[in-house]
Amino acid sequence: MEEHGYFYRDTWAEIDLDCIAENVISVKKQLPQEVDIFAVVKANAYGHGDVQVAKTALAAGAVYLAVAFMDEAIALRNKGINAPILVLGATRPEDIRMAARFSITLTIFQKEWLEEAQKHLLTDERVSLHIKVDTGMGRLGVRTSEELKAVEQMILGDDRFQLEGIYTHFATADELDDSYFQEQLALFETILGALTKRPKYIHCSNSAAAIRFPKAYFNAVRLGIVMYGLTPSIEMEKEIPFPLKEAFSLQSRLVHVKKLQKGDKVSYGATYESDQEEWIGTIPIGYADGWIRKLQGQEVLVGGKRSMIVGRICMDQCMVRLPSYMPIGTTVTLIGRQEDQFISVNEIADKLDTINYEVPCIIANRVPRLYKKGGKIVDIKNYHLNN
Ligand SMILES: *Cc1c(COP(=O)(O)O)cnc(C)c1O
């Protein structure tokens, strides 16, 4: 196959960019025209690939990108992304000149930070800022009207700073009980009242709030998990008014197939013992790829059937009990569809006692990413060329 010319390993993730575009378009259709989408592409776009997702989301109607750290923003600039980028996390004040140089918008929430940053910024440098308000997440942000006023005054008093936005973040927007969400929203509205002038962007909704609470739109939403086709929480599954398209799948191939006799053992610790004659296949993915040891016992799809991972998962490989003999090279789907069977990101999250967000994030860089559009491969991110 064509993709084999580009990486030398029988394990890869496939990212369907059409799914990402469709999810952005579906959300955009729900929003009033004046509400913009900020596409959240932090953490290498939740493990999907930052630049490919950023370009797709922008083409589908997002107007702004958001990342967690300035390194991620610089990486996007170095890959040719010119769209505005907001850093959601804390940046060191002495690094403000990098923000000026790369036109990166920073999140700020401390008067002292601005005082320190002023010492580093040259007179002709300009930086866009969004103020973060902590209305109950307890993570980052000004917590009172007084703190907000002090920060706003500092910004307005220095024309190297441009106040472009203000925002908060909800702790429970994905839970059915919306009382804490309502408290946070009310507090945000109260604190906004302390501003002398409203900046261009006021935003507070993550994916969950963007789907459920039109009254929290203001004029932009920060769209993360739903853009990737995943639900913000299990309880919200039935509340999504359009079909979500899961963009991420994980594939491998059988690299060795053998027949075991009753009593033969598999993998470290020799903990698995076959109780009859059976076919065992080896696939080249292990815990160093993020396919962690806790996934022992998880099913994968081979020949359209569910088959169990048996024995301990090794660093680079694991073993699968096959329904029957299968030739070397047979595709094994760890996440995704084969015929009428589907292993969702949610199924893996459930097996790992975690949330779907974590699953694509922990699939390591060592796993090549293959990008598809219109069913065709349009880009490949492999380990040895552009890791
Ligand atoms: C990650 C993040 C988001 C995106 O959240 P989703 O639930 O993935 O939509 C939005 N805002 C902030 C501040 C974030 O850190």
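Good morning. I begin with isoleucine 225, where a polar backbone atom lies 2.8 Å from an oxygen atom of the ligand, within the cut-off for a polar contact, a pair of N or O atoms within 3.5 Å. Taken alone, the ligand exposes 390 Å², and the protein buries 93% of that; accessible areas come from the Shrake-Rupley method with a 1.4 Å probe.

Please note that this is a predicted model, in which local features need pLDDT of at least 70 and side-chain atom pairs count only at pLDDT 80 or more, while totals for chains, interfaces and linings use all residues. Residues are numbered from 1 along each chain as its sequence is written, and side-chain values use heavy atoms, with hydrogens and water left out.

For lysine 42, the distance to a ligand oxygen atom is 2.7 Å.

Turning to the overall architecture, the protein is divided into domain 1, residues 31-228, and domain 2, residues 248-386, with bounds from an automatic or database domain assignment. Their C-alpha centres lie 38 Å apart. Eight residues from domain 1 and ten residues from domain 2 take part in the contact, defined as heavy atoms within 4.5 Å.

Thank you.

Notes: Polar contact = N/O pair within 3.5 Å; in protein donor to acceptor, adjacent residues only side chain to side chain.
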